[in-house]
Amino acid sequence: MWDKIREKLAILADAAKYDVSCASSGSNRTNKNKGLGDSTGMGICHTFTEDGRCVALLKILLTNFCIYDCAYCTSRKSNDIKRAAFTVEEVVELTINFYRRNYIEGLFLSSGIFKNSDYTMERLVRIAKKLRLEHNFNGYIHLKGIPGASDELMKEAGLYADRLSVNIELPTNEGLQLLAPDKNREDMLNPMKYVKDTIIENREEKKIFKKTPRFTPAGQSTQMVIGATKETDWQIVQTANYLYKNYSLKRVYYSGYIPISNDSRLPALTTQVPVVRENRLYQADWLMRFYGFQANEIVNTQHPYLALDMDPKLAWALRNLDQFPVDINKADYSLIVRIPGIGVQSAKKIVAARKYQRLQLDHLKKIGVVISRARYFIVCDQFFEKKEYSPEKIKHIILTGKQTKFQKLAITQYSLF
Ligand code: SF4
């Protein structure tokens, strides 16, 4: 029996690797009744590989059978691959077994769609329910919401899972029509909206009835495939921004398209995975969520693509040199945090520290500011960069001092877009 499960595991864990939306921070489910697993505290089960992908969860598909034929997906029905499907009991067994051996701290479960959305979703829900109710499992559970799943099943899923995510798949409807014409954008947005509304209701209910069961406490996320279709970064960032604003998502994940199919609608098989672009999109996303940038400030119709050779914050600063230099001892936090070389934590420390003294360059160094980057954009007590540099010159000085692995890759990727 275990040989059969092992064989399924090899197939279904491999198929699951294309989904990057598995970061599990934000949950604080506590271990009750001496149950299994504990996701208490910060970042219980988010270990990331070097390329930013998350590990330490059992990350599998329930099945790689699928009734759909999305061109960018290995599980598409026309793909001639070995298929497999776990039973509900097998996934439960595996999770418990791996957890007891300390291999994992939780479960990330996605699936191809067999028969129909509800048939598949119902099985995902049964797995989470069995783990929670029959095995008293308190580890992290991230379930995929199957597009088109009913509200009732999404509701149940949210009662047992820490996080739910319905993949938006591609940044625009046009892209979806091209590569997954059988799929419908509304089938993805409706469950997302239901989850959002139920999270809000649940929050209100909990204020009145403390014992109301929590609904998807780590919130919802989504993922889009980048580079399979021709959308600009501006379109991608606009979509992410729309989803954050209208569906209260915790995260949007960007998954660089891995060429898997010789299909004229897709980039050639020899095309490189756009890892640099993926990284820049994460940085842009970070700027919107934590640095107070509007989507249009980062990319817009005049600048529809993120620079691959520098981060979007530096790119914005160089396009807006008229807003600099910023006086570290006087400027608002919202301006300080926009200075290249100053992160959120450093900006907060600056604002706190200057209540007691005028800050000088040495103070900034101690606070953790990257002076080699920030110096072209600040005035601070007796320090200011005397020479007037052009944006190109500043970029050259900063980038030649710091050659990252992404910049090396960027040179190749420039020719692809
Ligand atoms: S519905 Fe999901 S699993 Fe099925 S082919 Fe499309 S992307 Fe792949």
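**A walk through the predicted model**

Asn 116 caps the N-terminal end of helix α3, with a side-chain oxygen 3.2 Å from the backbone nitrogen of Asp 118. Such a polar contact is a pair of N or O atoms within 3.5 Å; within protein, one must be able to donate a hydrogen and the other to accept it, and residues adjacent in sequence count only if both atoms are side-chain atoms. Helices (H or I, at least four residues) and strands (E, at least two) are DSSP runs, numbered from the N terminus. This is a predicted model, in which local features need pLDDT of at least 70 and side-chain atom pairs count only at pLDDT 80 or more, while totals for chains, interfaces and linings use all residues. Residues are numbered from 1 along each chain as its sequence is written, and side-chain values use heavy atoms, with hydrogens and water left out.

Helix α3 covers residues 117-134. Its 18 residues should span 26 Å at 1.5 Å a residue, and the end C-alpha atoms are 25 Å apart, which agrees; the expected span is 1.5 Å times one less than the number of residues. Buried residues of α3 include Met 121, Leu 124, Val 125, Ile 127, Ala 128 and Leu 131, and also Arg 123 and Arg 132. Here buried means under 20% relative accessible area, exposed over 50%, and partly exposed in between (1.4 Å probe, protein chains only). An α-helix has 3.6 residues a turn, so residues three or four places apart point the same way. The buried residues of α3 pack against α2, β4 (106-110), β5 (140-144) and α4 (151-160), where contact means heavy atoms within 4.5 Å. After α3 comes Asn 136, whose phi is positive, near 50 degrees.

Two of these neighbours, β4 and β5, are paired with each other: four bridges join them, and they run parallel. Two strands count as paired if DSSP finds at least two bridges between them. Gly 106 stands opposite Tyr 140 in β5. Five of the five residues of β5 are buried, so this strand is largely enclosed by the rest of the structure. Both of its faces are covered, with Tyr 140, His 142 and Lys 144 on one side and Ile 141 and Leu 143 on the other.

Helix α4 contains Asp 151. Asp 151 is partly exposed, with a relative accessible area of 37%.

Strand β6 (residues 163-165) pairs with β7 in the parallel sense over two bridges, and Ser 165 stands opposite Ser 221. Strand β8 (residues 251-256) is joined to β7 by six bridges, also running parallel; in β8, Gly 256 is the bridge partner of Ile 226.

Helix α7 (residues 233-247) has 15 residues and reaches 20 Å from its first C-alpha to its last, close to the 21 Å expected at 1.5 Å a residue. Among its buried residues are Ile 236, Val 237, Ala 240, Leu 243, Tyr 244 and Tyr 247. The buried residues of α7 pack against β7 and β8, and also against α6 (185-208), α8 (275-290) and α9 (295-298). Just after α7, Ser 248 takes a positive phi of about 45 degrees.

Three strands form an open sheet in the order β9-β10-β11, with mixed pairing. Its edge strands are β9 (326-327) and β11 (383-384), each pairing on one side only. Strand β10 (residues 378-380) and β11 run antiparallel and are joined by two bridges; Cys 380 has Phe 383 in β11 as its bridge partner.

The largest nonpolar core has 117 residues, and those with the most contacts inside it are Tyr 72, Ile 339, Leu 364 and Phe 377. Helix α2 (residues 88-100) gives the most to this core, with seven residues. A nonpolar core is a set of buried Ala, Val, Leu, Ile, Met, Phe, Trp, Tyr and Cys residues joined through side-chain atoms within 4.5 Å. Not counting residues up to four places away in sequence, Phe 377 touches residues including Leu 314, Leu 318, Phe 324, Ile 339 and Ile 398.

Taken whole, the protein chain has 16 helices and 11 strands, and 53% of its 417 residues count as buried.
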